[in-house]
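Morning, everyone. I'll take one chain today and start from a single residue. Have a look at the structure first.

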Amino acid sequence: MTFTTLISVDELFAHLHDPDWAIIDCRFSLENLRRGRQDYLAAHLPGAVYASLDEDLSAPVVPGQTGRHPLPSIEKLTHLFSGWGIDSKVQVVVYDDYPNLGLSTAPRLWWMLRWLGHELVAVLDGGWFRWVSRGLPLQAGVVTRPPRQFTPKVQPHLLADSDLVDRVRLDPSARLLDSRSADRYRGENETLDPVAGHIPGAICAPYGENVGADGLFLPQETLQARFSQLIGDVPAERVVFYCGSGVTAANNVLAFAHAGFGDARLYAGSWSEWITDPKRPVER
């Protein structure tokens, strides 16, 4: 059996020591940039390597040109994934500590691997807190894996740029969905970016609504109903998700795929890139 969207803690535990499985810890905090790595060093899932949102899963910000978390180069990611021991045969499982800390970083790595053609990747449902609550084993310190050769096979249909977004937002046969909270969408509580509001034509679709009070993703049929209401009969290839910087929108892309709709696009630059050009419209 392979896993391509979500995996339960029980399913992961059964493969914990399989050399063809790789576990990656993506915990990260915007309020304390060192916290994720410190938490990882203190305790993590056995065999897990650490992925930093800033250092590993993002390129350096170019002021006035990029969003807050630009995509790294394909060359950098190829080197990174090879160093983590990922090749075409490896089942990857990624996890973070969402929803308790509010930042969903594991789906970002899930999407990045799929963007480079690696389909054997799943997000741990319930993440860190689900694993700990079950009393499952933990490990401290740094883990490394024997390297393997990762070969990228870029899937351009998974990525949207600002030009595509500008067309989609005006196209009634497509859908642009804003994954941030409703107050940020309305421009009422912007604490991260210098401009408040949303891309005109975008529909409000907060990523937090994919997860229940137990920290698990909602049942597939519930997610199906949610996204059906948002997109109507628009096909997946004409759906684009964005957020503040291309991180939490991947949670929506994941839930959308898990619900059975297929592959939507991610606007990786997202709102923080959109507003770098004052000619691009903004709505509140």
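E209 is partly exposed, at a relative accessible area of 46%. A word on that term: buried means under 20% relative accessible area, exposed means over 50%, and partly exposed lies in between, with a 1.4 Å probe and protein chains only. The areas come from the Shrake-Rupley method with a 1.4 Å probe, and for residues only the protein chains shown count as cover.

Before going on, the ground rules. This is a predicted model, where local features need pLDDT of at least 70 and side-chain atom pairs count only at pLDDT 80 or more, while totals for chains, interfaces and linings use all residues. Residues are numbered from 1 along each chain as its sequence is written, and side-chain values use heavy atoms, with hydrogens and water left out.

Back to E209. This residue sits in the loop between β8 (203–204) and α8. Helices here are DSSP runs of H or I with at least four residues, strands are runs of E with at least two, and both are numbered from the N terminus. What does E209 touch, not counting residues up to four places away in sequence? L218 and R226. Contact means heavy atoms within 4.5 Å. R226 is 17 residues from E209 in sequence, and their C-alpha atoms are 8.9 Å apart.

Now the whole chain. It has ten helices and ten strands. The radius of gyration is 18 Å, close to the 19 Å that the globule rule gives for 284 residues, so the chain is as compact as a globular protein of that length. That radius is taken over C-alpha atoms, and the rule is 2.2 Å times the number of residues to the power 0.38. Along its principal axes, the C-alpha trace spans about 50 × 40 × 35 Å.

Of the 284 residues, 54% are buried. Take the contacts with a separation of 6 or more: 77% of them come from residues 24 or more positions apart. The chain exposes about 12300 Å², and carbon and sulfur atoms supply 52% of that.

Charges next. There are 26 positive and 34 negative side chains, and the centres of the two sets lie 3 Å apart. Lys and Arg count as positive, Asp and Glu as negative; His and the chain ends are not counted. Each charge is placed at NZ of Lys, CZ of Arg, CG of Asp or CD of Glu.

On to the covered helices. Helix α9, residues 249–258, has ten of its ten residues buried. Among them are N251, N252 and H258. What do the buried residues of α9 pack against? The partners are β1 (6–7), α4 (106–115), β5 (121–124), α8 (220–231), β9 (239–242) and β10 (265–267). After α9 comes G260, with a positive phi near 100 degrees.

Helix α4 is also mostly covered, with ten of its ten residues buried. Those include R108, R114, W110, W111 and W115. Just after α4, G117 takes a positive phi of about 90 degrees.

Stay in α4 for P107. P107 counts as buried, at 1% relative accessibility. Leaving aside neighbours within four places in sequence, P107 contacts D96, V123, A250, N251 and L254. Its C-alpha is 7.7 Å from that of V94, 13 residues away along the chain.

Two backbone points. Most residues other than glycine have a negative phi, and most peptide bonds are trans. Here, Y98 and P99 are joined by a cis peptide bond, with omega about 10 degrees. P99 lies in the loop between β4 (91–95) and α4. Then S270, a residue other than glycine, has a positive phi, near 55 degrees. S270 is in helix α10, residues 270–274. Is S270 buried or exposed? Buried, at 0% relative accessibility.

Last, the cysteines. A disulfide is a covalent bond between the sulfur atoms of two cysteines. The cut-off used is a pair of cysteine sulfur atoms within 2.5 Å. How many does a search of the whole structure find? Zero disulfides. C26 is in none, and the nearest cysteine sulfur, that of C243, is 15 Å away. C26 is buried, with a relative accessible area of 1%. C243 is buried, with a relative accessible area of 1%.

That's my tour.
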